[in-house]
Amino acid sequence: MEQNNIKTEELEKNISAELKSFKSDLAKADSFSSLENIRTKYLGKKSYLSVMQKSIGTLPNDLKPIVGKNTNLLRQNIEGSLEEKEKNLKASEIDREMRKESVDLSLPGRLISSGTKNILSKVVEDIEEIFIGMGFEIAEGPEIETDYYNFEALNTPEDHPARSLHDTMFVSDHVLLRTQTSPVQIRYMEENEPPIAIIVPGRVYRKDYDISHTPMFTQVEGLVVDENINFGNLKWTLETFVREMFGKDRMVRFRPHYFPFTEPSAEVDISCNICDGKGCRVCSGTGWLEILGAGIVDPKLYSFVKYDPERFTGFAFGMGVERISMLKYGINDLRLFFENDLRFVKQF
Ligand code: PHE
């Protein structure tokens, strides 16, 4: 009996030591895998508990119930604690997931600044829309051109004074950056029979750089060819365009001019909207602003495109888009179009 008391005491000590060790391990466990390790350590086949419980059969009869009871209590305690810990771990994991996915609706939104259309693109679209309304179609042509289309077929042979050499940027002997959109007149007439009514927006290039010139700028060409086309049709078309573009009370004036591919030719002015025609710095005191060149298609062009000059007549015009944008929006510096300063770009 004395002996068994000692054994019982020792058993209780061991069990409480095991329990203490288990609790301290459990407190440190912060993942499911560490929890599994603990389970194996305290409940596995080689654990103190399993070994003890397995040995019960070999113990003296009076010890059997004591060991049985104590080890059972220990097992219940360990299993219960593990279960509880597992529940806690699961809960905090869900919590973590939720926090990761949660959206804070009170946060201010991120500002996404959107791009804007360049003012030149916008004005080209405005011009296109007006002419489309009058039945025109849009055509395009290459920016790298041959001498033939840019000059020759536009009645500007090699020795022609209008071929001011230092204006043209050559790529090679007979290849150049087009100095005007007029070569598309020829290209279009080669491919199409009258009646035609087209406008041609595009970039053109000239060796020129100062306050009112940039080496690249934008033109819109116009060409109408049919039977019985006359100067009156040209006037009406351009006057209609000017009123739509600049407003009903703009006045339009045709001044005699010269272009190799139109005859007769004219430059077209609109009344200055800064001084209302009285004369100011912008219009150099004249009250007028030049916006385009135009004229009746010189019949010589028809021989290049095999049109019958006895049957067909036409008119053509070409305008500078930067110029028109400046006048319409009161922009006073040409360079603003190409510098892409956001403060400028975003104004339109
Ligand atoms: N191409 C001429 C220029 O660039 C403008 C123009 C086009 C004139 C069509 C008459 C007819 O100056």
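**Close-up 1. E263 and the cis peptide bond that joins E263 to P264 in a predicted model.** E263 lies in strand 8, where strands (E, at least two residues) and helices (H or I, at least four residues) are DSSP runs numbered from the N terminus. With a relative accessible area of 47%, E263 is partly exposed; on this scale buried means under 20% relative accessible area, exposed means over 50%, and partly exposed lies in between, using a 1.4 Å probe and protein chains only. Leaving aside neighbours within four places in sequence, E263 is in contact with I296 and D298, and contact here means heavy atoms within 4.5 Å. The C-alpha atoms of E263 and A294 are separated by 9.2 Å, although these two residues are 31 residues apart along the chain. The peptide bond between E263 and P264 is cis, with an omega of about 0°, and P264 too has its place in strand 8, which covers residues 262–271.

The structure shown is a predicted model, in which local features need pLDDT of at least 70 and side-chain atom pairs count only at pLDDT 80 or more, while totals for chains, interfaces and linings use all residues. Residues are numbered from 1 along each chain as its sequence is written, and side-chain values use heavy atoms, with hydrogens and water left out.

**Close-up 2. A cis peptide bond between P194 and P195.** The bond that joins P194 and P195 is cis, and its omega is about 5°. P195 lies in the loop between helix 7 (183–191) and strand 5. As background for this view and the next, most residues other than glycine have a negative phi, and most peptide bonds are trans.

**Close-up 3. Positive phi values at D276 and K306.** D276 has a phi near 60°, a positive value in a residue other than glycine, and D276 is found in the loop between strand 8 and strand 9 (288–297). The relative accessible area of D276 is 64%, so D276 is exposed. For K306, phi is likewise near 60° and positive in a residue other than glycine. K306 lies in the loop between helix 9 (300–305) and strand 10 (313–320), and K306 is exposed, with a relative accessible area of 73%.

**Close-up 4. The crossing of helix 8 and helix 10.** Two packed helices are described by the angle between their axes and the distance between the axes. The axes of helix 8 (residues 231–246) and helix 10 (residues 321–329) come within 11 Å and cross at roughly 45°; axes are lines fitted to C-alpha atoms, for helices over the stretch in contact, and angles run from 0 to 180 degrees between N-to-C directions. Helix 8 and helix 10 are therefore oblique to each other, because angles under 35 degrees count as roughly parallel, over 145 as roughly antiparallel, 65 to 115 as roughly perpendicular, and the rest as oblique. F241, M245 and F246 of helix 8 make the contact with I324, L327 and K328 of helix 10. By class, this contact has five nonpolar residues, no polar residues and one charged residue, where Ala, Val, Leu, Ile, Met, Phe, Trp, Tyr, Cys and Pro count as nonpolar, Asp, Glu, Lys and Arg as charged, and the others, Gly among them, as polar.

Close-up 5. D126 and V51 are 75 residues apart in sequence and 93 Å apart in space, C-alpha to C-alpha.

**Close-up 6. N70 in helix 4.** N70 lies in helix 4, which spans residues 64–101. N70 is buried, with a relative accessible area of 18%, and N70 touches L11, E12 and I15, not counting residues up to four places away in sequence.

**Close-up 7. N340 between two helices.** N340 lies in the loop between helix 11 and helix 12 (342–345). Not counting residues up to four places away in sequence, N340 touches N118 and V345. The C-alpha atoms of N340 and S113 are separated by 16 Å, and these residues are 227 residues apart along the chain.
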